[in-house]
Amino acid sequence: MAEPFLIGENMTGGYGGADILHGCTLAVERGEIAVIVGPNGAGKSTAMKAVFGMLNLREGAVRFDGEDITRLSPQDRVVKGMGFVPQTHNIFTSMSVEENLEMGAFIRRDDFRDTMAQVYDLFPILKEKRNQPAGELSGGQRQQVAVGRALMTRPKVLMLDEPTAGVSPIVMDELFDRIIEIARTGISILMVEQNARQALEIADKGYVLVQGANRFTDTGKALMADPEVRRSFLGG
Amino acid sequence: MDILNAFVALLNFVVIPGATYGAQLALGALGVTLVYGILRFSNFAHGDTMAFGTAATILVTWGLTAAGITFGPLPTALLALPFGIAATIALLLGTDRLVYRFYRRVKAAPVIFVMVSMGVMFVMNGLNRFIIGVGDINFVDGERFLITAKGFRDATGLAEPLALRMTQVITLVTAAIAVALLFWFLNRTRTGKSMRAFSDNEDLALLSGINPDHVVRVTWMIVAALATTAGVLYGLDKSFKAFTYFQLLLPIFASAVVGGLGNPVGAIAGGFVIAFSEVTVTYAWKKVATYLLPESLAPEGLMQLMGTDYKFAVSFAILVVVLLIRPTGIFKGKSV
Amino acid sequence: GEVIPMGISIGYTGPLESMAPGMTAAAEMAFKEVSDSGLLLDGSTITTHKADTTCIDAAAATAAMERIVTSDKVRGIVGGMCSGETTATLQNVAMPNGVVMIAPSATSPALSTIEANDLFYRTSPSDARQGVVMAEVLQERGFKTVAVTYTNNDYGKGLADAFQAAFEAIGGKVTINAPHEDGKADYSAEVGALAAAGGDLLVLAGYVDQGGSGIIRGSLDSGAFDKFLFPDGMVGTPLETNFGTQIDGSFGTNPASEGEGRDKFMELAKAAGFDGNSAFAAESYDAAALMMLAMAKAKSSDPAVYKKEILNIANGEGEKIYPGELAKALEILNNGGTVDYEGATSVTFVNGRESAGSYRETEMKDGKLTVVKYR
Amino acid sequence: MSARLRPVLLFGAVALLYLATAYVYGWNLTLAIVNMGLIGAIMALGVNMQWGYAGLFNIGIMGFVALGGLAAVLVSIPPVPEAWAAGGMGILLGLLIGAATIAGAVLMWKKLPPGKLRGLVIVAFLIVGFWLYGRIFSPAVSAVEAVNPAGTGFLGGMGLPVLFAWPAGGLLAAGAAWIIGKTALGLRSDYLAIATLGISEIIIAILKNEDWLNRGVKNVIGIPRPWPVPYEVELQQDQGFLAWAADWGASAATASSIIVKLSYAGLFLAVLLLLITLVELSWRSPWGRMMRAIRDNEVSAAAMGKDVTRRHLQIFVLGSAVVGVAGAMMTTLDGQLTPGSYQPLRFTFLIWVMVIVGGSGNNWGSLLGGMLIWWLWIMVEPMGIWLMQMITAGMADGYWLKKHLIDSAAHMRMLTMGIILLLVLRFSPRGLLPEK
Amino acid sequence: MIVVENLHRHFGGFHAVDGASLTIETGSITGLIGPNGAGKTTLFNVIAGRLPPTSGRVTMAGEDISGLPPHVLFHKGLLRTFQIAHEFGSMTVRENLMMVPPGQSGETLWNTWFGRKRIAGEERALRAKADEVLEFLTISHLADQKASQISGGQKKLVELGRTMMVDAKIVFLDEVGAGVNRTLLNTIGDAILRLNRERGYTFCVIEHDMDFIARLCNPVIVMAEGKVLAQGTVDEVKNDERVIEAYLGTGLKNKVKDEAAHG
Ligand SMILES: Nc1ncnc2c1ncn2[C@@H]1O[C@H](COP(=O)(O)OP(=O)(O)OP(=O)(O)O)[C@@H](O)[C@H]1O
Ligand SMILES: Nc1ncnc2c1ncn2[C@@H]1O[C@H](COP(=O)(O)OP(=O)(O)OP(=O)(O)O)[C@@H](O)[C@H]1O
Ligand SMILES: CC(C)C[C@H](N)C(=O)O
Ligand SMILES: [Mg+2]
Ligand SMILES: [Mg+2]
């Protein structure tokens, strides 16, 4: 198989102290969904940040669309077509919901009104609250704003760190639905999930990360079927 | 009873000076509030930035007048203003590159920025004294008055004078325009919004493709323009002295804070609150009362609520009271 | 000869920083005059050491003085500048170390009574005296009711109170006696109160390049007052450059004496390239000159020794000495003679330590400060 | 640099600075700087308690310093009997009435049933109260201030040993802080800052204008020295001392002032070490843990049962008290109270620089910052001159720029201070001794 | 027993809690579910004293506790966790736990100077207790890590751990599960059950994970638009049409599509 669309290969590094990642590799193909699961503190978020250039890697490389982007700054990666929703601090609290979405489209020069309409379609509550400062929203609503912001970028690859944390079941279903749809338009999705069973169900590929290293890698279905994985990481 | 005279007295000694001073503070406070709003620290060097901008403008003004260029009835300094602004932009961008950028990179706490700005303040302070000296400089020319005290008395036959200066009018108009522009810029334009986004959550701004260097650059440029304009207008109205500009910092901060830090409209409101509380609370009502009351009731004392000894105490007391009622300023400011 | 270190301690930074250059230049001019003459103590020369008193920060002033006294070992000091800081440095540094201090500009009445062991003199008079002079001037000019504002420090307050007492004693009326703070951005409130109180004229006991100018500006702009009485802190060239003809008819008083001394000093200053009229420059010159002449008379640069001669130089018998004549004086003293130092300000000490105070009355005419008379 | 070595090295470096100063300028100057540095360090300690421990942004330090200074006057200056006779009782009575009026109004506000009537009653009560206050207070003040205005014109103090003024200064500052805290501690960050700044300006305004209390801007001079500190003049007349000084080969003047300064230094150091010890002990115990929790996250600390308001008040009062003690010490050292000299730049912002450069949240940092910054504040003056000389060394005599530069040298103090401050913060952006 | 009577909490014109009435029985583990923005967190905030109610009443064992400040409620035995973790960032994880227990004698200044012995004893006990809790939460290795430097899920665990440091009467858990690994969440569920059975804690749990709710909670209260929509056992609630429509959804949609995509 040819080189994946986006790959963080053999990544090693951390926040300045001891290494958190130990030769961890994540990859996603064009139009596919890759899901990362693992215990708390395994380094999932760290790996995502590493792929996005928010962390200095001691070893390893990140390649995107055949190009080595290891040295690129996060904002350059955005320009290249990568979008990211961090796990925490993922909205502009003092700005209105609508402005949050506009900021998502910051690098876009074209008319983004229809994208915004789509986001409002997906999360109707946001439309209702579009003039309210995002910091005043409920936890789940904030999460919707965060995802909405990333969608506004129209990225080629979308990286989501626990997008469904705190989101109600109905919205979660919508969200997964939408993620599938997005993937089908050719956008790659790389996401971390603790709602692992639902996530792996729609995943083309799944990674189980433990202590900064790949423990299992397989298709989503296969991982779901693996009793060891189920017991230790998916809550039985 | 003489309502007209009483009214003119009030206008001349309370309303006009209060409004002018308020606008002067407001212009300064706009700069402070912008730095706070976008770069998230209280910039102690702002007073000295204003002084620098004014000094640069004065130097150019001298050059212009020496070359025989004036601005008709308006002060020549207004012609020189763009040059002063350019010089200040250069200074602030240089400062940012040399000083502040580093602390942004290491994500220093706001209080560190405050201390750093204090260091910058000291340096600029020395720089200003070096460039233009410590003396008092009067650089206003052109028509000073729109209405002179004597002219008014002669024309109306009233006992009370009324004076209105060119600089007062210019200051008020400029302040109004500046706040409108700034408000529009921050809330309506793409760059303005990206600046607010940057101030709200730097990391996320990065993830949205906002270029932090650009945001910072634009901020400093606006701040330079505001500071220089504020400084020049103040200097035209009063006079230029490096030390006074440093002292101006306190009321400017007070204005920005009561108004609500980070909010341009608040800066304007704050400026007027501070100015009017200084001017009105210690005002001696004797004159007004003498005009209004029948002769037999003419007051003996000054009819002052408080002596001017306590002018600052009173204006600060008002400030504290306002904050107790609205803990983040009149217009709900930020707090880091 | 030896190299004699001398100190100049004034506020180079702070609210009166703009007075510092003139005062320094004048004192250095005196030092240079003596060094160049080669007549002091067998051809000794003077080096100067400056200390920044900041005018307001007693602690910083003390430390700066401490430095020039204990490490540069100055034998005498021209300074301090402001009364508060002068008191502190005198008590904390000069006296413990036995160094002579001659203050050119500290004029607070409180300094008249301070216990100083013969180490402290001032070439300016106490403000108690100026108040009386001001009252007299007003009386002569026929002003009956005036408003008073003063800079809120020991100098301003002392002077304003002295004036009010003197003026009321001769039947005048003070409508208001209110302070203003220096270095503030705006004086509308003060002007408003002063205007409301009313009066034929405004007595402005402030500093010309501080709040004083702000008050004038505000008064003129609003039409509150257009006549002023300016005591010493206000009489300075900024009046001419900043207000000019707008304040024609206002008048001022400041410690200065008529005649030869002043004129000579003005010439010297001009030649040396600074403005002799700048406040307290003449007093600084005299302060410096007095110490050196006293050394010559005592034949020693030890403050403990020469301090006793200062009074004899200032109030002595013999030839009158004016600025520019220090060499002549040294010659006389070296030959065992006596002199009466008049200097730029007609120095004669009263109370054993301060200038008696002859005052100059000036008036603004056609935008210029012109001398009316001396009293 | 390891965490253990760093403080040792830094304190060593600062000590070296002082030693070098002593070498170049002599011990007299050095000790003078040490003394003020120690006082600065105590002030910084107080501020550090408020900021480093509780995140309270107090920029009204100047006010508490001044209150400490007032305490020195009130405690140590002998009373002025004539003034007391002239109006002392009137003033006391007036103040009492004023206080009672306010207290009464507050009480009524709380006790009376709400409504229009309540407002009217309170306003009427206030008017009557203040009218009465004015009637009694004003003439008494005039009478007191008329007593020998050039020399006294105030009530004087209690004539007690000035050492008592130190705790008294702390108490006075604590009292003020309590009132301020009760009203303003609901504010946050810069809003609290500007409120405290305002209140400190009010305190200074009172000290400047209430002549009956402390002679206002006419200053009080001649505050006696504390107990073990001798007077130079007396030492210089003491034969035993002269002989002893001669043994050491020092001049009487030098030796005497060194002795005086050493005595002060001893006193100050004792106070400083006592305070640091107390504060460190608390900081390293559950109390400190609780304070840090509150600083980190008030909402969560409150949910974990900590009374945030009360703790804020506690630390605000304590920190202010420490500043007040330092203020009293400073006035004692100066021997005079000059209200006009209280400037925010010097007494608030410089202290802040000490705290931040030293490292907020670290008591030893306060000491280090205090000693270093004060040294700089004094030494930048000669350094500025020296700098200008270096710059102009290569220029021809009489060249205009050289003259301009040399003439500006005296004004370069601020510039040098700024540059050094920036350099220190550049290489140690979290302060020299960061909180662990 | 906590009784909420006709509680309102408005933000400007918006009624986040709009006349909610509910009862949390002593000894129960009550689930609180509802769509995003239903007002669950706001309700918690009002009960726990973080926000004053606009109107209405909260009583705890008959005592009116509406509007009491959080620290007072804590001392009455009412604890809560935050939906968005509120850790003490500059303190270690262990300190985050050790600070919790009330009445520590070392919190009095006087004792920190003159009661060192007693403090040392107490501290040892606290430390042991904290380590035990950390052990239970599988984060012992983080004990000395600064709380600002742990992962998002770990922060939630610390949040929960704090409530385990004291003997609480009633604990409000706001989405402890969000972001927590499901295997670990099961263990936490066990712990909650154990605390409930063995120590008599009352719990009120907000959670979006229906499996978790189903395993622990009885009864379940459903909120929507600031009001109580439904109440009952898990099964009752799960099959309530209104609840399905407002909150649960059918969950079928994506499965259908999923099959279409892959099948
Ligand atoms: N400070 C505030 N100002 C204005 N509106 C607010 C504020 N806080 C909450 N709201 C609004 O109140 C509603 C209820 O919010 P709350 O946080 O209670 O929801 P929730 O039920 O906890 O939702 P979630 O499941 O997403 O956490 C939301 O619509 C939110 O936008
Ligand atoms: N800012 C930081 N500085 C230092 N260490 C950190 C920092 N953030 C996280 N860590 C450590 O790195 C490890 C991995 O954290 P990471 O956030 O990547 O975990 P995660 O797999 O995303 O966990 P979770 O599911 O809880 O979000 C953790 O052990 C944590 O303690
Ligand atoms: C420089 C002077 C105007 C100082 C003033 N005479 C004083 O005593 O403070
Ligand atoms: Mg994570
Ligand atoms: Mg919630």
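Predicted model: local features only at pLDDT ≥ 70, side-chain atom pairs only at ≥ 80, totals over all residues.
How many residue pairs are in polar contact across the interface of chain B and chain D? The rule finds 6, with both residues of each pair at pLDDT 80 or more. As for salt bridges between chain B and chain D, the count is 0.

Now for the interface as a whole. Chain B puts 46 residues in contact with 41 residues of chain D. The area buried between the two chains is about 3,800 Å², and carbon and sulfur atoms give 79% of that. On the chain B side, M115(B), F122(B) and F130(B) lose the most area to chain D, together 19% of what that side buries.

Which parts of chain B do the touching? Helices α3 (77-105), α4 (110-132), α10 (242-259) and α13 (311-325) of chain B each bring at least two residues to the side facing chain D. The largest share comes from α4(B), with 15 residues. Sort that side of chain B by residue type and you get 34 nonpolar, 9 polar and 3 charged.

Next, the nonpolar cores. The largest one has 326 residues, and those with the most contacts inside it are L6(A), M11(A), W352(D) and W377(D). Helix α2 (residues 27-54) of chain D gives the most to this core, 16 residues.

Setting aside neighbours within four places in sequence, W352(D) is in contact with V111(B) and M115(B) from chain B, and with V47(D), W51(D), F57(D), N58(D), I59(D) and I61(D) from chain D. A second, separate core holds 101 residues, including M19(C), I68(C), V69(C) and Y306(C).

How values were computed
Residues numbered from 1 in each chain as written. Chains lettered and ligands numbered in written order. Heavy atoms only, no water. Contact = heavy atoms within 4.5 Å. Buried area = accessible area lost by both parts, 1.4 Å probe. Salt bridge = Lys/Arg side-chain N within 4 Å of Asp/Glu carboxyl O. Polar contact = N/O pair within 3.5 Å; in protein donor to acceptor, adjacent residues only side chain to side chain. Helix = DSSP H or I, 4+ residues; strand = E, 2+ residues; numbered from the N terminus. Nonpolar A, V, L, I, M, F, W, Y, C, P; charged D, E, K, R; others polar. Core = buried A, V, L, I, M, F, W, Y, C linked by side-chain atoms within 4.5 Å. Buried < 20%, exposed > 50% of the residue type's maximum accessible area, 1.4 Å probe, protein only.
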